[in-house]
Amino acid sequence: MFNKLQNLFVRLFFILSFGILCPIFSYASEAFEQNEKILTVGVLDNHMPISTVEDGIPQGIGVDLFKKIAKDLSLNYEIYEVKDPYLGIELTKLGLFDVLIGPYQNQAKFSQTLDFSVPFFAGGTQLYSKK
């Protein structure tokens, strides 16, 4: 009788351990996968001091801010030059850009499809990202 009870207890212990550890490992795996994802970042050209691309090098306050955040969060990313501000918005809405850097402001017509950063420039400029 004692062996049966002990056997049942061991089985119950393993089942409960498995039930507790699986979600933890699943969460850790998801976090790892998110850090492995390469973000696509659009940088609007010719809109200094927020963003520009000179000789293939992205520059500006928005670019510097994004790079600092990406470094702090260990994010991988690729930056693409965007010549037209409206094209950048549409590509972000479609999910082709994860982040769009330029002199954008929160506009109600985009609030259903895009998230906005807090303003980081005196003019109220924000970053767009797909919801």
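Two strands count as paired when DSSP finds at least two bridges between them, with strands (E, at least two residues) and helices (H or I, at least four) taken as DSSP runs numbered from the N terminus. By that rule, β1 and strand β5 (residues 99-104) pair in the parallel sense over three bridges.

Before going on, a word on the model: it is predicted, so local features need pLDDT of at least 70 and side-chain atom pairs count only at pLDDT 80 or more, while totals for chains, interfaces and linings use all residues. Residues are numbered from 1 along each chain as its sequence is written, and side-chain values use heavy atoms, with hydrogens and water left out.

Back to β1, which spans residues 38-44. Six of its seven residues are buried, meaning under 20% relative accessible area with a 1.4 Å probe, protein chains only. On the β5 side, G42 stands opposite L100. β1 also pairs with strand β4 (residues 76-82), again in the parallel sense, over seven bridges; there, V41 has I79 as its bridge partner.

Now zoom out to the open sheet of five strands, ordered β4-β1-β5-β7-β6 with mixed pairing. β4 and β6 (114-116) sit at the edges with a single partner strand each, so one side of each has no neighbour in the sheet. From one strand to the next, the twist averages 30°.

Finally, helix α3 (residues 85-93) lies across β1, β4, β5, β6 and β7 (126-130), at about 145° to β5. Axes here are lines fitted to C-alpha atoms, for helices over the stretch in contact, and angles run from 0 to 180 degrees between N-to-C directions; contact means heavy atoms within 4.5 Å.

Key: Buried < 20%, exposed > 50% of the residue type's maximum accessible area, 1.4 Å probe, protein only.
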